[in-house]
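Here is a short walk through a protein chain. Keep the sequence and the structure side by side as you read.

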Amino acid sequence: MTGLWPYFALFSARFRTLIQYREAAIAGMATQLFWGLIKIMILEGFYHGTTRTPPMSLAQAVTYTWLGQAFLAMLPFTANPDPDVRNMIRTGAVAYELARPIDLYSLWLSRQFAARTAPTLLRCVPIFLIAVPFLGMGLPPTLASGAAFVVSLAGALWLVCSFMTIITISLLWTISGDGIARLVPSVTLLLSGLIIPLPLFPPALQTFLKWQPFSGVADSPFRLYFGHLPPEALGGVLLHQLAWSLVFVLIGRLLLRRGLRLLTVQGG
């Protein structure tokens with residue numbers, strides 16, 4: 001097999017495995033609906049108590065919150081490394097991965113694409129069906145806004161997967177990955193806007209928040225969805241996502257090359 005086919009085959013097999021976990025998806029969806037309602041109640045308290053005009057309306061903030069809940073499985077709210085790769089490194093079975101006549105980085109990146117898309121598809125559609133008619137979630141104001149959101153969501157997926165592949169590669173040094181799995185989400189959740197929508201941060205922080213990588217994970221696509229960013233801003237959003245994705249890919253490949261030089265597999 002040559003070209004992209006091996007990676008597509010791995011993605012397909014992994015996707016079909018993960019799409020079977022429907023009970024876990026239902027449980028996750030219920031949890032996300034619960035926390036979404038809590039976050040909205042907190043936002044309503046702040047909005048009703050402020051004397052200033054917020055940079056984002058309450059209706060937009062509600063939609064922003066439900067988008068975060070709908071696509072939570074795609075976003076780096078958890079930085080748990082790939083459990084199968086972690087087990088292979090612990091047991092030495094990673095030697096089989098090294099023996100495959102394909103690129104190891106692309107192999108692990110393909111696994112991330114499957115791990116991020118399958119659970120998301122299981123959860124996002126039911127949340128939309130519940131949140132739009134009953135919980136205050138809005139729809140895109142125009143078809144152009146909806147199309148811009150879909151395209152930017154693809155860029156966000158690439159950005160997330162390239163970042164999470166670095167977390168998987170870190171197992172070559174940490175083995176368990178428990179430390180990084182607990183530290184990284186605190187940063188990514190805050191900087192992506194999943195805790196507080198980024199436009200609600202102080203104006204002095206807006207330039208930094210705009211250019212740091214995780215704004216392209218959730219904030220920019222979500223704001224395109226409900227028109228806070230016009231559809232014409234899509235080009236800039238995609239350029240930002242692509243640039244940071246390439247940076248993460250470069251870092252990941254460099255770390256993988258160095259890690260493999262230091263890797264020792266015992267047994268036989």
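Is cysteine 161 buried or exposed? Cysteine 161 is buried, with a relative accessible area of 0%. Buried means under 20% relative accessible area, exposed over 50%, and partly exposed in between, with a 1.4 Å probe and protein chains only.

A word on the source. This is a predicted model, where local features need pLDDT of at least 70, side-chain atom pairs count only at pLDDT 80 or more, and totals for chains, interfaces and linings use all residues. Residues are numbered from 1 along each chain as its sequence is written, and side-chain values use heavy atoms, leaving out hydrogens and water.

Now the overall build. The protein chain has 12 helices and 0 strands. Helices (H or I, at least four residues) and strands (E, at least two) are DSSP runs, numbered from the N terminus. The C-alpha trace spans about 70 × 40 × 35 Å along its principal axes. Of the 268 residues, 46% count as buried.

Back to cysteine 161. Cysteine 161 sits in helix H7. Leaving aside neighbours within four places in sequence, cysteine 161 is in contact (heavy atoms within 4.5 Å) with Leu109, Gln112, Phe113 and Arg116. Its C-alpha atom is separated by 11 Å from that of glycine 252, 91 residues apart along the chain.

Serine 152 is also found in helix H7. Why does serine 152 count as buried? Because its relative accessibility is 0%. Beyond its neighbours within four places in sequence, serine 152 is in contact with Pro221, Leu224, Leu234, Val237, Leu238 and Gln241.

Next, the interior. A nonpolar core is a set of buried Ala, Val, Leu, Ile, Met, Phe, Trp, Tyr and Cys residues joined through side-chain atoms within 4.5 Å. The largest one has 60 residues, and Leu67, Phe71, Trp108 and Phe222 touch the most other members. Helix H7 (residues 143-169) gives the largest share of this core, 12 residues. Another core, of 5 residues, lies apart from it and includes Ala148 and Leu229. In soluble globular proteins, nonpolar side chains tend to be buried together.

Phenylalanine 222 deserves a look. Leaving aside neighbours within four places in sequence, phenylalanine 222 is in contact with Tyr64, Leu67, Gly68, Phe71, Leu75, Phe149 and Leu194.

Finally, tryptophan 173. Tryptophan 173 is placed in helix H8 (residues 171-174). Tryptophan 173 counts as partly exposed because its relative accessibility is 42%.
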